[in-house]
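Student: Hi! I'm new to this one and would like a friendly tour of its inside. Could you show it to me first?

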Amino acid sequence: MAISLFDLFKVGIGPSSSHTVGPMVAANQFAHQLQDRDLLPKVTRLKVDLYGSLGATGKGHGTGTAVLMGLEGELPDIIDPSLVNERVEQIEASSQINVLCLQRISMDMTADLIYHRIDRLDFHANGMVLVAFDADGHILHQATFYSVGGGFIVEEDEHGQVALVEDTTVLPYVFHSAETLVKLCRDANMSIAQIMMENEKTWRSEDEIRLGILSIWSVMKACVKQGIQNEGILPGGLKVKRRAASLHRDLTSKTRMDMITPSLGAMDWVNLYALAVNEENAAGGRVVTAPTNGAAGIIPAVLHYYWDFCPRSSEDGIVDFFLTAAAIGLLFKENASISGAEVGCQGEVGSACAMAAAGLAAATGGTPEQIENAAEIGMEHNLGLTCDPIGGLVQVPCIERNAMASMKAINSASMALRGDGTHYVSLDKVIRTMHDTGRDMNDKYKETSRGGLAVNVIEC
């Protein structure tokens with residue numbers, strides 16, 4: 001299956017790629033299925049059942065809101081986040097939804113939007129079933145979707161089998177492992193970024209690829225800027241205070257801490273970048289899946305570190321960073337998972353940390369061997385990381401976890417660049433270990449809020 005950089009890095013809204021972005025796309029697709037089948041005029045009621053992690057933490061992750069917006073015709077990359085709350089309030093007050101802005105249909109938020117906190121569907125932890133009824137209560141159309149991480153969705157066919165629609169594009173450089181990728185680079189005397197660029201040119205021109213990457217970088221910068229401007233309390237009930245704005249004020253003025261620990265200045269800024277993005281994500285703002293929303297702050301934070309603190313940073317370096325990070329991200333998606341509901345937070349924050357480490361190593365002149373080593377270090381030290389969000393919200397420990405992983409990515413790149421690329425544990429073995437660890441991990445640590453901090457903090 002061929003996957004593009006632009007499949008991994010998608011513009012969307014918070015707080016979750018698997019719980020918000022994916023369900024919105026699925027609901028939008030369901031609405032268009034009704035329209036394409038000429039069923040929309042006959043529909044008098046809609047019902048949505050959310051299972052597994054979507055049911056367990058969907059309320060805190062904005063899944064219901066995402067479904068409503070998708071049914072009304074919105075998509076994550078074009079929706080205006082500032083208007084969402086008002087529109088949801090209107091739907092709840094009227095118990096009607098305006099499907100594709102074409103027809104108002106009954107939908108009661110209590111009876112027709114159901115969160116199944118325990119039950120799950122077989123194929124994946126993030127399952128959802130959408131049903132349309134006629135005036136006599138007969139089912140006109142039903143569809144089952146799975147949000148498999150990073151905003152990707154798959155749908156069951158009429159026989160209950162998952163219909164994977166694969167891109168069968170033949171790429172010039174095919175790799176399914178880091179070992180193969182590094183060998184391709186060695187044999188062709190090319191960098192990882194150059195290998196990825198040639199593959200991306202199968203779908204787009206080089207100018208389009210470059211402009212697309214810089215556009216994503218622009219969205220990331222705008223997210224950081226927005227995050228350091230907004231203050232107050234994050235929604236959801238935990239009363240988590242936004243810190244990015246006050247931290248930015250501290251860093252842009254001469255503080256006592258700056259005088260005592262000047263060497264930590266870069267670290268403070270990296271923390272700021274990550275906090276700003278993830279606070280925006282938690283508030284439902286515009287973010288980029290990188291490769292997920294839960295880990296959306298890591299790559300922007302490390303990119304800002306490269307841009308602001310690395311000598312000779314350039315737009316060419318930014319492009320190389322993205323291309324290299326995408327190559328590593330593809331390995332995680334193909335050989336393990338980037339879904340917290342499937343393998344825990346190691347699949348989200350761990351993957352993003354490895355991608356960021358590889359990207360930074362590439363942008364600062366690392367060899368393919370050093371880049372592979374940087375990614376391996378970044379992932380190895382996130383193995384076993386659980387996903388246990390308090391209150392089902394992408395806030396605690398998610399926001400700080402992105403800041404910690406950003407620093408870990410920078411250190412991983414630094415350690416790898418100090419060596420010659422030879423190391424004991426390969427990236428492929430670490431990815432395999434992450435997959436096995438996720439398979440063995442108890443479900444209560446996979447984005448269900450039934451274990452870890454999610455229960456211990458509440459109990460205390």
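This is a predicted model: local features need pLDDT of at least 70, side-chain atom pairs count only at pLDDT 80 or more; totals for chains, interfaces and linings use all residues.

Tutor: Below we talk about domains, cores and cavities.

Student: Okay, which domains does the assignment give?

Tutor: Domain 1 (15–156) and domain 2 (178–445); such bounds come from an automatic or database domain assignment. Their centres, taken over C-alpha atoms, are 30 Å apart.

Student: And how many residues of each are in contact?

Tutor: 22 residues of domain 1 touch 21 residues of domain 2, where contact means heavy atoms within 4.5 Å.

Student: New topic: how many residues are in the largest nonpolar core?

Tutor: It has 104 residues, and Phe9, Met220 and Phe322 have the most contacts inside it. A nonpolar core is a set of buried Ala, Val, Leu, Ile, Met, Phe, Trp, Tyr and Cys residues joined through side-chain atoms within 4.5 Å; buried means under 20% relative accessible area, with a 1.4 Å probe and protein chains only.

Student: Which domains does that core draw on?

Tutor: At least three of its residues come from each of domain 1 and domain 2. There is also a second, separate core of 35 residues, with Leu34, Ile91, Ile97 and Phe145 among them.

Student: Back to Met220: what is it in contact with?

Tutor: Beyond its neighbours within four places in sequence, Met220 contacts Phe9, Val288, Ala290, Ile299, Pro300, Leu303, His304 and Phe322.

Student: How many cavities of 30 Å³ or more are there?

Tutor: Two. On a 1 Å grid over the protein atoms alone, a cavity is a set of points where a 1.4 Å probe fits but cannot get out, and lining residues have an atom within 4 Å of a point. Points are joined across faces, edges and corners, and a volume is the space filled by probe spheres set on them.

Student: What's the volume of the largest one, and what lines it?

Tutor: The largest cavity holds about 140 Å³. It is lined by 16 residues, and Gly294, Cys345, Glu348, Cys387 and Cys398 are the closest to its centre.

Terms used. Residues are numbered from 1 along each chain as its sequence is written. Side-chain values use heavy atoms; hydrogens and water are left out. Buried means under 20% relative accessible area, exposed over 50%, partly exposed in between (1.4 Å probe, protein chains only). On a 1 Å grid over the protein atoms alone, a cavity is a set of points where a 1.4 Å probe fits but cannot get out, and a pocket is an open set with protein on both sides within 12 Å along at least five of seven lines; lining residues have an atom within 4 Å of a point.
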